[in-house]
Amino acid sequence: MDSSEIKQLQILAAKSRMGAILGTYHAKSGHPGGSLSAADIFTYLYFKEMNVKPEQPDWEDRDRFVLSKGHCCPSLYATLALKGYFDWNELTVLRHVGAMLQGHPDMKGTPGIDMSTGSLGQGISAACGMALAAKLDNKDYRTYTVLGDGEVEEGQVWEAAMFASHNKLDNLVVIVDQNGLQIDGTVEEVAGIEPLDKKFESFGFEVIKIDGHDFEQIAASLDKAKTVKGKPTAILAKTIKGKGVSFMENQVGWHGSAPNKEQYEQATAELQAEIDRLEGNC
């Protein structure tokens, strides 16, 4: 990628973060912290990596995506809106009764959502099923899933990892958003998961460690994953919870708290300033 492509992705990611703040503010609930940490990953997947058609969300040969940490859907929704799956204004009624966008992804009600998720640990299992289906049907589509590092404490994650390795699912990419924080504190305090790379390697995965906010590293890791044969890939992406909003960064309290009016205005101003800087309008 050249510098202009990277800058465009950075602008899209900032807009995705702004959408997450917009949605959680109007909902008066939700999970902004982990949404902001994963925004760069969502942006790269939908705007550079995955073969999808927003005008045809159920296209049979599309690449699949499963947000296993389903509570972090606000920035995924914003990314989908930016990609053209639905109108941006849907974000303003996030979590409202009868609205398209609910607090966890709903595959029956939201274009672009391939699997309903919410119970932590279950999304990766569904992703394994999609990847196996592609193998059985001789299809070329790939399956991507994003997990939280707190979510990796779930036993079902490792059952799915065994399944993926046993079935040689080299068309599956597991991305762990390692922001280091979960609802009750730091991941290490709650149930230390390190050395996570060695754990995935022992389950038969190709493991790649990256800075989850560096688009060049994201790109290189996904390019490498395409060359891996006979086993799945795990990308361990080091991130910052609340990335892009100064008072939310690395603050566990923003795991599941919505901004008030003053906080919303400050967060939006910071993100808009970043967009203006990138666009050269400041």
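A disulfide is a pair of cysteine sulfur atoms within 2.5 Å. Keep that cut-off in mind. We are looking at a predicted model today.

So, how many disulfides does the structure hold? The count is 0. Take Cys-72, which is in no disulfide. Its nearest cysteine sulfur belongs to Cys-73, 7.9 Å away.

A quick reminder first. Strands of a sheet pair through backbone hydrogen bonds, and the pairing can be parallel or antiparallel. Which kind do we have here? Parallel. The sheet is open and has 5 strands. Read across it, and the order is E1-E2-E3-E7-E6.

Which strands stand at the edges? E1, residues 64-67, and E6. Each has a single partner strand, so one side of each is left without a neighbour in the sheet.

Now look at E6 and E7. Strand E6 covers residues 206-211, and strand E7 covers 233-238. They run parallel, joined by 6 bridges. Which residue of E7 is the bridge partner of Glu-206? Thr-233. Further along, Ile-210 has Ala-237 in E7 as its bridge partner. How does the chain cross from E6 to E7? Through helix H9, residues 215-227. That makes a β-α-β crossover, and a right-handed one.

You will find Gln-156 in helix H6, residues 155-166. Its relative accessible area is 28%, so Gln-156 is partly exposed. What does Gln-156 contact, leaving aside neighbours within four places in sequence? Gly-121, Gln-122 and Ser-125. Consider Gln-122. In sequence, Gln-122 and Gln-156 are 34 residues apart. In space, C-alpha to C-alpha, they are 6.8 Å apart.

To recap: 0 disulfides, an open sheet with parallel pairing, and a right-handed crossover from E6 to E7. Thank you.

How values were computed
Residues numbered from 1 in each chain as written. Predicted model: local features only at pLDDT ≥ 70, side-chain atom pairs only at ≥ 80, totals over all residues. Heavy atoms only, no water. Pairing = 2+ DSSP bridges. Helix = DSSP H or I, 4+ residues; strand = E, 2+ residues; numbered from the N terminus. Right-handed = clockwise from strand over helix to strand, strands pointing away. Buried < 20%, exposed > 50% of the residue type's maximum accessible area, 1.4 Å probe, protein only. Contact = heavy atoms within 4.5 Å.
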